[in-house]
Amino acid sequence: MLTHLSLSDFTIADKLQMDFTAGMTAITGETGAGKSLVLDALNMVLGARSDQQVIRHGSDKTSITASFDIDNLHTIKAWLEDHDLATDDHECILHRSIAKDGRSKASCNGTPITLAKMRELGSQLVDMHSQHAHHKLLQRNHHESLLDGFAHLEKSVSHVKTAFENWHDKQHRLDSLSMQLNDAENRKEYLNFQLEEFNQLDIQPNEYPELEKRHAQLANAGELQSSCHQALQLCRMNDESIERQLQHCQQLLTPLACHDERIASITQLLEAANINISEACSELRQGLDSFHASPHELNDIESRLSQFNDLARKHRCKPEELPTLQEQLALELDNLQQGDDRLIALEHEVQQARMHYHKAAIELSNLRELGARKLSKKIKGQLSLLGMNECKLSVALNHNPETPRVTGYDAVEFMVSTNPGQPLQPLKKIASGGELSRISLAIQVVIAETTAMPILVFDEVDVGIGGATAEVVGKLMKTLAQKSQIISVTHQPQVASQADQHLKAQKSQARQKTTTKLACLTQNDRIHEIARMLGGMEITDTTLNHAKEMIGI
C-alpha cells in the first residue's frame, strides 16, 4: 500500500507531505483546489513521461517521493530482488525529479533506475481509473485489452504474439530467399557455363608454374646444352680438368698430412671439393639429356599456356590464380543449389509456425469466449446496481481466421442496448453521455474487482451520477477496499462518506502566490466537508445532520 507521498514545487504546491492509511481514502475539495494534483504527482513517480510544465513557477525543479509498504506483496519483492533493488525494510521508496532543462532522474530505494523500469514496477503497484476512461471505451481496440485483463489472459496473449512474430519472421525470410533464388537462376546458368570451361581445361595442381618452367627450359635448350657441355669438359673431360687438378693436389699433400694438422685439414677440404665436383658432373650429364629440345613438346606446352592465358584474360586474373577462382565459382554454385534445399526446409518451417500460431489463437479465442460471457454478466450486474436495469451489454467476439493479427483472430467489441426492444449496437453509436459514464464506471468496477493490484486509484470516475447511484458507487469502492487500497478523488458526498481516510485539498494565496495544501480531516472537519459537498449556500443543521447520518455517526 501507499504509505507516504511528498511533493516539492509541483504545479501549485510548494511542499506537501501526505500519509495514507489502508482501506479507502477520499480526496475532496472545491473545483480547482488541486485534488487531482496528488494523482498527477503519483503518476510521475510511477514513471509517466516528464513534463517541465509540472514545475512550480519560479522553481528550477520538482521532486516527488512515494513510499510503499510491500510486506505482503511477494511479487513486488521478487521483482526488486531480481533487479538488485530490494532492502530489508519491507519498503519500496520511489523518487523522481524533473529539472527545468528537461532532465529527469529516477531512483528506487536510493538506486538510480531508468524510467522504463520505474514504469514496469509502477504498473504492478498501482492501477489508475480516470474520468476519461469512457473516452477510451469508445475505442474498439481498447475493448480487447479490457477483456484480456479481466480474464487474466496476458500469458495466452503473449504466447499468441510470440507465435505470430515467429511465423511472420520465417515468412519474411522465405519471401526474401525466394526472391534471391529467382534472381539466382540466371547466375546459376552462367556459373555452370563458366565451370564447364574450367572443366574442359582440366587444370592440374601446380600445373601452370611447372609449364612455365618447362617452357623456359625447352625455349633455351640449345644454350643450356652448350653451357652444360662446356662446364662438364672443364670439370673432368680432359687432362686439365678441375677434377684432375684437385686429385693432383690431394696426391701432393696427403703424405704430409701426418706432419702438420693444417695440411690434414686442407686435404679434407680438397676431398670434399672433389666429391662435390663429381656430383656436379653427374647432374650436368643428366641435364644434357633433359635439355634435349623436342619441337612437338614445346608446341604442346605453348598451346597449353595459351589456353591458360586466354581463360585468365576472360576472368581478369593471373593464370596462376585460375585454380583458386575455379574453387570460388564452384562454391558459389553449390551455395545457390543448396538454396533450393533451404527453401524447401524454410517452407516447412513457415507451415509449422503458421499451425503453431493457429493453435494458440484458437485456444485464446476459446478462453475469450468464456471470459466474454463472464464479463458481460458481471457488467450487467453492476449496471443494475447503478440504476440501468434495462440496459443490456454483451462483449461480442468477431472471430475471423482469415485475418490473423498479432493478438489473435478476434475483434472484441462491447455491444449495448439501453432501452427495451432495441437491438444491441456498438457502444459508440448508442450511449448518451450520462449512460456512457455509468457504463464506464460499471466496467471499471468489474475490472478492479478481478485485479490483483495492491492500489486502485479512481479519479472522478463518479462524474455524471448522483443520489442513490452515487451511494452505490461509494459502497462498491468500500467493498473493493477490503482487498486493495483505494484512493478516490470525488465530488460525491455519498462516495466520500464511505472513506476510512478523508483528505481535503485547499487552495490559498499569500504574497501573490497560489499554493495548495492537503489536510487530513478530523471527524468534525469531515462532517463539515460532507455537508459542503451536499450543497446549498449555507451549511445548516439539516445538512450537518445529513452528513453525520451518511458517515454513520
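# A tour by selection

Begin by selecting Arg313 and Asp310, whose side chains meet in a salt bridge at 2.3 Å, N to O. A salt bridge here is a side-chain nitrogen of Lys or Arg within 4 Å of a carboxyl oxygen of Asp or Glu. The model is predicted: local features need pLDDT of at least 70, side-chain atom pairs count only at pLDDT 80 or more, and totals for chains, interfaces and linings use all residues. Residues are numbered from 1 along each chain as its sequence is written, and side-chain values use heavy atoms, with hydrogens and water left out.

Stay with this pair and show helix H11 (residues 295-314), which holds both Arg313 and Asp310. The two are 3 residues apart, about one turn of the helix. Helices (H or I, at least four residues) and strands (E, at least two) are DSSP runs, numbered from the N terminus. Now colour by accessibility, where buried means under 20% relative accessible area, exposed over 50%, and partly exposed in between (1.4 Å probe, protein chains only). Arg313, at 57%, counts as exposed, while Asp310, at 40%, counts as partly exposed.

Next, select Glu144, Asp148, Arg368, Arg405 and Asp410 together. Salt bridges that share partners join these five residues, Glu144, Asp148, Arg368, Arg405 and Asp410, into one network. Keep Glu144 and Arg368 on screen: their closest N and O atoms are 3.7 Å apart in a salt bridge. This pair links distant parts of the chain, with Glu144 in helix H5 (residues 140-150) and Arg368 in helix H12, 224 residues apart. Are these two residues buried or exposed? Glu144 is buried at 11% relative accessibility, and Arg368 is buried with a relative accessible area of 0%.

For another salt bridge, go to Arg103 and Asp101, whose side chains meet at 2.7 Å, N to O. Arg103 counts as exposed at 57% relative accessibility. The structure holds 19 salt bridges.

Now show two helices, H6 (residues 154-201) and H12 (residues 322-385). They pack at an angle of about 160°, and their axes are 6 Å apart. Axes are lines fitted to C-alpha atoms, for helices over the stretch in contact, and angles run from 0 to 180 degrees between N-to-C directions. H6 and H12 are therefore roughly antiparallel to each other (under 35 degrees counts as roughly parallel, over 145 as roughly antiparallel, 65 to 115 as roughly perpendicular and the rest as oblique). Their crossing is left-handed, meaning that the near helix is turned anticlockwise from the far one by less than a right angle. By class, the contact of H6 with H12 has 27 nonpolar, 12 polar and 11 charged residues. Ala, Val, Leu, Ile, Met, Phe, Trp, Tyr, Cys and Pro count as nonpolar, Asp, Glu, Lys and Arg as charged, and the others, Gly among them, as polar.

Turn to the cysteines. A disulfide is a pair of cysteine sulfur atoms within 2.5 Å, and the count by this rule is 0. Select Cys92: the nearest cysteine sulfur, that of Cys108, is 3.9 Å away, and Cys92 is in no disulfide. Cys108 is likewise in no disulfide. Cys92 is buried at 0% relative accessibility, and Cys108 is buried at 0%.

Finish at Asn400, in the loop between strand S9 (392-399) and strand S10 (410-417). Asn400 is partly exposed, with a relative accessible area of 28%.
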